[in-house]
Amino acid sequence: MISLFRKIRQSLLKQQKITQYLAYAVGEIFLVVIGILIALQINTWNELRKTRQYEVKMLKELKSTLEKDRRYFSSQIPRLTIKQNAANRLLSMLENKEENLDTLNRYFTNLRFEVLFQYNSGAYGSIKSGGIDKISNDSIRAKMAGIYEFLIPRSEKIFENLSHSEETEDKLVEALTKRVILSPEGREKTIQNKFSDPKAIYRDEFLHLIQIQKRNTFVTKSRLESLLSPLDELIQLLEEELKEKPE
């Protein structure tokens with residue numbers, strides 16, 4: 001009987017040790033799994049932090065670029081207004097038969113102001129190459145695409161079409177004016193086209209020149225003005241997004 005009790009006791013002790021071992025093993029596995037999950041979570045946090053930093057960096061670069069382009073476009077509008085006023089003044093000289101050589105050349109100079117369409121698409125190009133999906137704000141992505149994939153390319157095409165009249169314009173200027181050497185005091189000598197005959201306003205080439213300039217200036221000014229509002233809207237969206245996503 002004593003021997004039987006001993007065997008039962010030994011069996012229970014063995015079972016207890018196995019149970020303790022299994023509990024220990026399960027505990028070890030649980031700790032390993034928890035460690036792996038924590039490591040994965042930390043890695044995910046780090047990736048999200050890097051993505052956020054990249055996004056903030058790109059948004060800041062885009063905002064800076066847009067602000068510079070906006071300032072440039074805006075600065076050209078007063079120059080275009082001067083060109084418009086010059087064209088209207090020259091036209092009124094013809095209508096009123098005003099034969100004044102000094103006035104004619106002064107407004108002719110204003111008429112010939114050059115206005116270039118230029119912008120910087122570098123920031124948007126970097127965003128596209130890095131993955132536009134990394135910009136989390138749907139409105140910003142849509143507005144960017146609208147500006148850089150449609151509005152600006154469309155404007156470039158319009159200005160390119162306008163430039164086709166430059167050869168005709170140059171020929172008209174050559175027919176109406178003469179080259180003269182100007183020697184401004186304290187400055188480098190320049191060669192410019194100037195009217196030498198105030199009666200040139202009655203020639204058909206004069207009216208043709210004004211016609212080209214009025215059309216091109218109106219289209220250019222209207223197009224630049226149409227870009228300002230979309231740029232302002234995107235800049236506003238970027239400002240709001242950057243406030244919500246500080247580095």
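Close-up 1. At 61% relative accessibility, K97 counts as exposed (over 50% relative accessible area; buried is under 20% and partly exposed lies in between, with a 1.4 Å probe and protein chains only). Look for K97 in the loop between α1 and α2 (101-111); helices here are DSSP runs of H or I with at least four residues, strands are E runs of at least two, and both are numbered from the N terminus. Most residues other than glycine have a negative phi. K97 is not a glycine, yet its phi is positive, at about 55 degrees.

This is a predicted model, so to speak of a local feature takes a pLDDT of at least 70 and side-chain atom pairs count only at pLDDT 80 or more, while totals for chains, interfaces and linings use all residues. Residues are numbered from 1 along each chain as its sequence is written, and side-chain values use heavy atoms, with hydrogens and water left out.

Close-up 2. Setting aside residues up to four places away in sequence, L62 touches A123, Y124, I127, M144, Y148 and L238 (contact means heavy atoms within 4.5 Å).

**Close-up 3. Where α3 meets α4.** The two helices pack at an angle of about 115 degrees, and their axes are 11 Å apart; axes are lines fitted to C-alpha atoms over the stretch in contact, and angles run from 0 to 180 degrees between N-to-C directions. On the α3 side, Y124, I127 and K128 meet M144, A145, Y148 and E149 of α4. Sorted by class, that contact has five nonpolar, no polar and two charged residues (Ala, Val, Leu, Ile, Met, Phe, Trp, Tyr, Cys and Pro are nonpolar, Asp, Glu, Lys and Arg charged, and the others, Gly among them, polar).

**Close-up 4. I191 in strand β2.** I191 is found in β2 (residues 190-194). I191 is exposed, with a relative accessible area of 61%. Beyond its neighbours within four places in sequence, I191 is in contact with R179, V180 and I181. R179 is 12 residues from I191 along the chain, and their C-alpha atoms are separated by 6.4 Å.
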